[in-house]
Amino acid sequence: MWTTNGNNSLKGVRVKRGGALWGAPLNLGLFLPPFIDLNLKSMEKRVDIWADIWLFYVMAQILSLGDRGDHQVIPQPYPHILVESKKKLHGWWEGKRECTAERLLLNPYNGCSVNCFFCYAHALPGYFRLFRERGILTVCRDFDKEVAKQLDSLRVVSCGYLSPVTEPFQGIEAKYSLSLKIIREFVSRNIPIEFITKAPIPEGAIKLLTTQKHSFGQVSILTLDEGLRQSLMEEGATTDELFDNLRRLAKAGLHSVCRIDPIIPFLTDGKRELAALVQRAVDSGASHIVASILDIPLSMAREVWAKFSSLGIEKPLRELYRERIGNSLHARIDYRKRVFGELRQICDRLGVTFALCMEYELRDGRPIGLNRVFMSSTNCEGIDIPIYVRRDGLFQPAASCTGACLTCKNPICGIKELAMGREENLRKSFNLQDYRRWSQGIEALELI
Ligand code: SF4
Ligand code: SF4
């Protein structure tokens, strides 16, 4: 729960001690109704839902910044607070993992002024709620220094991923440059880093990426129609600037990915429109396409339906969104498979690879990833990046492998636990402690 020092004034925000952590069990109330609605018959489904509840709880802890107390709201250029953060770098979330390669995830900002109405980060706990409820961003002061410290404590790393639940180059970046500084911390140690953006990419970021062999950029483009784009989000680059992002990445020799993520049924899903979008992305230099179809977290369904109602598509969407996986509503599987099949054909014809992001179908009540049917690349981001290890001061690729740890059966990098294609490896998510443990293991191996 957020409390203020002066009702709705922007004088200050008081963040209760442990708010995110203790708020999580209370939020479990959000998840209890499914037990009644679904009339679950099998134990397996119950286990799956409890796994989601556990995931939410773990995320609440990871997203909790460990900084509690009074915060002055700084009004310009966007209302925001500054917090000290010791957030740890971490891998993918526990749960239905589809991402083939390892990443070190990090968010220097909480809340996002691009403010896409459908953004699933609106449903996240911790400081994300401050943005959702009050429009106040949270900036992790000097987070680049904390990231540098953590990187220096490791001998084994994976590619950085900036930033999975906020826009790294949103307006506030012009004041604090945290994303740029973090990119510098990675590439100066020869560690790869990637980002996903809907904003104009600063030239400095592209320059830094070019100094590291496996670093790359992904640009999220939902539609060719600039008017429609503006109705889906409050800020962000114009459509022309987004394609120019792809062009500038490719021109600099970087792997350039276009994400149509998410496709919004009845708004951006026309076959001809999608083909034209992919064509323009390819003409601009993209060599890989990632797609997904909008899913609607139950905890923000009311706002999303209201928006669809104002766009005049609520009724057909309610007909379409009849599937529920975990705590989200999904478009019917026959619709999703049709759109993905069409996109795969378009990409094959235009000579670029294609993958999905977090798309599943339910089989016997279990979510099964759809990438096994539709992906044409080895890794979902269309680029093969191995784990890196530190040797003689700088990081270098640990092995000449594809970096697809999720399916790997032969861990030539030396880290058996990472090769999740081996039957005995049941764990699919890793944290900073795991990287530290592997770092000690690598050290021991090299001393033998
Ligand atoms: S740009 Fe990304 S993080 Fe920001 S609101 Fe849109 S979807 Fe969410
Ligand atoms: S050898 Fe296998 S487990 Fe190791 S980094 Fe490469 S893909 Fe991952």
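A residue is called buried if 20 or more other C-beta atoms lie within 10 Å of its own, exposed if 12 or fewer, and partly exposed in between, with C-beta atoms placed from the backbone. Helices (H or I, at least four residues) and strands (E, at least two) are DSSP runs, numbered from the N terminus.

This is a predicted model, in which local features need pLDDT of at least 70 and side-chain atom pairs count only at pLDDT 80 or more, while totals for chains, interfaces and linings use all residues. Residues are numbered from 1 along each chain as its sequence is written, and chains are lettered from A and ligands numbered from 1 in the order in which they are written.

**Whole chain**

Of its 448 residues, 45% are buried, and its secondary structure comes to 16 helices and 21 strands. Two residues are in contact if their C-beta atoms, placed from the backbone, lie within 7 Å. Among contacts with a separation of 6 or more, 70% are between residues 24 or more positions apart.

Now colour by pLDDT, the predictor's confidence in each residue, from 0 to 100. The chain's mean is 86, and 83% of the residues reach 70 or more. Select residues 1–10, where pLDDT stays under 50, and then residues 16–51, where it is below 50 as well. Where pLDDT is low, the predicted coordinates should not be read in detail.

Select H4, residues 127–134. Its buried residues are Tyr127, Phe128, Arg129, Leu130 and Phe131. Gly135 follows H4 and has a positive phi, near 70°.

Next, go to Lys149 in helix H5, residues 143–152. Lys149 counts as exposed because it has 11 C-beta neighbours inside 10 Å. Show Glu185 too: its C-alpha atom is 9.7 Å from that of Lys149, although 36 residues separate them along the chain.

**The two ligands**

For the shells, a residue is near a molecule if its C-beta atom, placed from the backbone, lies within 6 Å of it. Ala, Val, Leu, Ile, Met, Phe, Trp, Tyr, Cys and Pro count as nonpolar, Asp, Glu, Lys and Arg as charged, and the others, Gly among them, as polar.

Around ligand 1, select residues including Cys112, Cys116, Cys119, Glu167 and Lys198. This shell has seven nonpolar, two polar and two charged residues.

Which residues come nearest to ligand 2? They are Cys401, Cys405, Cys408, Cys413 and Leu418, of 16 residues around it. By class, the shell of ligand 2 has 14 nonpolar, two polar and no charged residues.

**A helix pair**

Select H11 (residues 271–284) and H14 (residues 333–350), which pack at about 35° with axes 10 Å apart. Axes are lines fitted to C-alpha atoms, for helices over the stretch in contact, and angles run from 0 to 180 degrees between N-to-C directions. Residues making the contact include Leu274 and Val278 of H11 and Leu343 and Ile346 of H14. The residues of this contact divide into eight nonpolar, one polar and two charged.

**Backbone stops**

Most residues other than glycine have a negative phi, and most peptide bonds are trans.

- Gln76 and Pro77 are joined by a cis peptide bond, with omega about -5°; Pro77 is in the loop between strands S3 (69–72) and S4 (80–83).
- Asp261 and Pro262 are also joined by a cis bond, with omega about 15°; Pro262 lies in strand S12 (residues 255–263).
- Met358 has a positive phi, near 55°, and counts as buried because 21 C-beta neighbours lie inside 10 Å.
- Asp364 has a positive phi of about 50°, and counts as exposed because it has 8 C-beta neighbours inside 10 Å.
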